[in-house]
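Dear colleague,

Please read the notes with the coordinates open beside them.

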Amino acid sequence: MCIAAFLWQAHPLYPFFLLLNRDEYRTRPTKPLEWWECGDILGGRDGLAGGTWLACSRNGRVAFVTNFREVQSLPQAKSRGELPVRFLKSKKAPLDFAKEVAKEADQYNGFNLIVAEISSKTMFYITNRPTNDSPSLVTEVSPGIHVLTNAQLDSPWPKAQRLDQSFRDLVDKNGDRELPTEEMVEKLMTNTIKDDESLLPGIYSPRREYQYSSIFVDTDTELGRYGTGSISALSVKNSGEATFSQRNLQNDEWIDNSFTFQIENNF
């Protein structure tokens, strides 16, 4: 389970600003934020399947993915973490890539994928779990503030609404000034408030739903300790300066990594 709040093309200083929590089992091997072997992709990496939940490239492409909360799953499904990697390595425009993924979406368990190209101001949302209200697998993301959980983009889950409002409040408070990334991470992404069971989606058992209802998750399960293992912040300024920071839990200790670079490709 993961949750992200992001600002897209709706701020005088930042065409893009993202906060994202990744939730996973403590025993799952994870590589921290770093430049990959190719030197063009920056992100954390799943040490088991080799993919990522969030990464960006030197030429200003960004991709992140969340699982869709559901009970059933495909036993031989492709890894959802490969989707962001494919986009970042691809030279296809975001819409063309989104259409490509939509054609093979049934080969994956439920997912939500965001792909963006900062220089062309294009961002698309892809999911293989459309609803009657949102029947399309591919949707262009409108300018503004959005929250992505383990349901449809901007789904009215209580934790999503709580993060959305808190994110908006801090953005409004700072007006046209630079956003205080560290403060936003501390105030928003470490929030452990949980919701009343009557408000929860009801997909899993009541206890499990309750434990997952906070923005920052930390709980014991039958399969071991589970919870927020990384907190990421990724911002891009109008100048093309990108800053990617990530706090990772390694051996019960939080380790911080941060990289700042200039986006290439005529930003």
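This is a predicted model: local features need pLDDT of at least 70, side-chain atom pairs count only at pLDDT 80 or more; totals for chains, interfaces and linings use all residues.

Strand β12, which spans residues 224-236, is mostly covered, since ten of its 13 residues are buried. Strand β2 (residues 16-25) pairs with β12 in the antiparallel sense over ten bridges, and within this pairing Glu24 has Gly227 of β12 as its bridge partner. Strand β11 (residues 218-221) also runs antiparallel to β12 and is joined to β12 by four bridges, with Asp218 standing opposite Gly227; a hairpin of two residues connects β11 to β12. Strand β13 (residues 241-250) is joined to β12 by seven bridges, again in the antiparallel sense, and here Ser230 stands opposite Asn248. The hairpin of β12 and β13 has four residues between the strands, and Gly240 takes a positive phi near 95 degrees there.

The open sheet consists of seven strands with antiparallel pairing, in the order β3-β4-β5-β6-β7-β8-β9. Because β3 (30-35) and β9 (138-140) stand at the edges with a single partner strand each, one side of each is left without a neighbour in the sheet. From one strand to the next, the twist averages 15 degrees. Within this sheet, three bridges join β5 (residues 54-57) to β6 (residues 61-67) in antiparallel fashion, and Cys56 stands opposite Val62 in β6. Helix α1 (residues 82-89) lies across β4, β5, β6 and β7, running at about 165 degrees to β6.

With best regards

Key. Residues are numbered from 1 along each chain as its sequence is written. Side-chain values use heavy atoms; hydrogens and water are left out. Buried means under 20% relative accessible area, exposed over 50%, partly exposed in between (1.4 Å probe, protein chains only). Two strands pair if DSSP finds at least two bridges between them. Axes are lines fitted to C-alpha atoms, for helices over the stretch in contact, and angles run from 0 to 180 degrees between N-to-C directions. Contact means heavy atoms within 4.5 Å.
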